[in-house]
Amino acid sequence: MRIRIPPFSLFAGTGNPDLAAAVARALDHPVSPCTVERFPDGEISVHLDEPVRGHPVFVLQSTSPPVTENLFQLLSLVDACRRAAAGRVTAVVPYFGYARSDKRHARREPIAASMVASLCQTVGLNHLVTLDLHAAQIEGFFHLPVDNLTAVPILCDELKHRLSPGTVVVSPDEGRVKMAGDFAQRLGADVAVVHKQRKSGTETKIIKVVGDVRDRPCLIIDDMISTGGTIERAIAALLKSGARPEIRVAATHGVLVEGTRSALSHPALGEIYVTDTVAPHHRDWPQLKVISVAPLLAAAIQRLAARESIGDLFQ
Ligand code: R5P
């Protein structure tokens with residue numbers, strides 16, 4: 001039975017128009033018009049082109065590259081909603097940029113994820129919906145409800161008939177062990193872990209593989225692929241440990257900056273599965289399979305608009 005949706009508005013920044021359109025289609029609800037432009041000096045100008053007074057509002061925007069631009073659009077849209085007397089304002093941020101800056105790695109460094117949380121609250125955000133946060137404890141930077149959904153079930157549905165028997169789910173570092181466990185449980189697979197020691201923000205060093213990968217196909221999972229460096233090094237470590245040269249990758253956020261494709265051109269690597277939390281811009285990369293999270297986000301918006309539980313969306 002279809003849930004009756006009380007009136008709400010859905011706005012979207014320019015970060016991922018295809019995802020916004022897919023969410024709108026899944027909801028059977030239009031994206032409300034808004035104008036996002038630049039002043040001649042480069043400053044961002046935002047205008048909501050329809051009233052929001054008293055309406056619950058959802059603002060969809062991934063803070064993916066260009067991160068500062070997309071983040072500022074998000075903050076501007078939320079601020080505009082609040083100043084236009086909107087009801088509850090919920091940001092739907094499928095990819096939460098700066099999430100890797102969740103702690104200080106050295107003295108005299110900022111914690112950018114905490115700064116983003118503070119900014120969101122300062123402009124009047126009431127609720128955040130996001131997906132596979134790099135670190136779940138980022139939720140603690142917010143003093144408002146945060147629903148950190150996961151794309152793992154969606155990715156597993158896609159993967160379950162495509163993996164060879166005996167595939168081992170591999171966490172490319174200690175930070176992804178829980179996520180690897182979630183994949184493994186759904187896929188009925190074993191888990192291995194690549195120990196990674198970070199030398200600097202961009203350089204990493206692999207130490208060893210923990211778990212039995214000898215002559216087994218592997219599925220490396222991660223929350224995001226940015227430069228591909230982590231995956232590239234995990235592939236080298238797995239092959240050195242005797243894994244079968246039949247490796248696949250699944251990650252929620254395909255940030256895929258310039259140069260990633262060449263970093264991931266190893267002959268042992270087959271398909272790379274990501275979702276569309278970040279606008280895909282590698283349309284001619286046959287190995288890259290993009291699975292949409294639009295139905296999941298639409299279901300969350302629909303439930304929240306109807307003030308219903310979204311608990312089962314985490315399962
Ligand atoms: C690291 O802790 C993250 O979970 C990812 O493994 C990492 O950020 C991916 O970045 P890249 O593709 O640049 O190695």
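Visitor: What lies 2.8 Å from a polar side-chain atom of Arg100?
Guide: In this predicted model, that side-chain atom of Arg100 lies 2.8 Å from an oxygen atom of the ligand. An oxygen atom of the ligand is also 2.6 Å from an N or O atom in the side chain of Asp223, and a polar backbone atom of Ser226 is 2.8 Å from a ligand oxygen atom. The protein covers 90% of the 370 Å² of accessible area that the ligand has on its own.

Visitor: And which residues come nearest to the ligand?
Guide: There are 14 residues around the ligand, of which Arg100, Asp222, Asp223, Thr227 and Thr230 come nearest. By type, the shell divides into six charged, six polar and two nonpolar residues.

Visitor: Which element gives the largest share of that shell?
Guide: Strand E11 does, with four residues; E11 (218-225) and helix H6 (229-240) each supply at least two residues of the shell.

Visitor: Changing topic, where is the cis peptide bond?
Guide: The cis bond joins Pro65 and Pro66, with omega at about -5°, and Pro66 sits in the loop between strand E4 (57-60) and helix H2 (67-83).

Visitor: What about the phi of Arg108?
Guide: Phi of Arg108 is near 60°, a positive value in a residue other than glycine, whereas most residues of that kind have a negative phi. Arg108 lies in the loop between strand E5 (89-93) and helix H3 (112-122).

Visitor: Is Arg108 buried or exposed, and why?
Guide: Arg108 counts as exposed because its relative accessibility is 79%, and the cut-off for exposed is over 50%.

Note on methods:
Residues are numbered from 1 along each chain as its sequence is written. This is a predicted model: local features need pLDDT of at least 70, side-chain atom pairs count only at pLDDT 80 or more; totals for chains, interfaces and linings use all residues. Side-chain values use heavy atoms; hydrogens and water are left out. A residue is near a molecule or strand if one of its heavy atoms lies within 4 Å of it. A polar contact is a pair of N or O atoms within 3.5 Å; within protein, one must be able to donate a hydrogen and the other to accept it, and residues adjacent in sequence count only if both atoms are side-chain atoms. Accessible areas come from the Shrake-Rupley method with a 1.4 Å probe; for residues, only the protein chains shown count as cover. Ala, Val, Leu, Ile, Met, Phe, Trp, Tyr, Cys and Pro count as nonpolar, Asp, Glu, Lys and Arg as charged, and the others, Gly among them, as polar. Buried means under 20% relative accessible area, exposed over 50%, partly exposed in between (1.4 Å probe, protein chains only).
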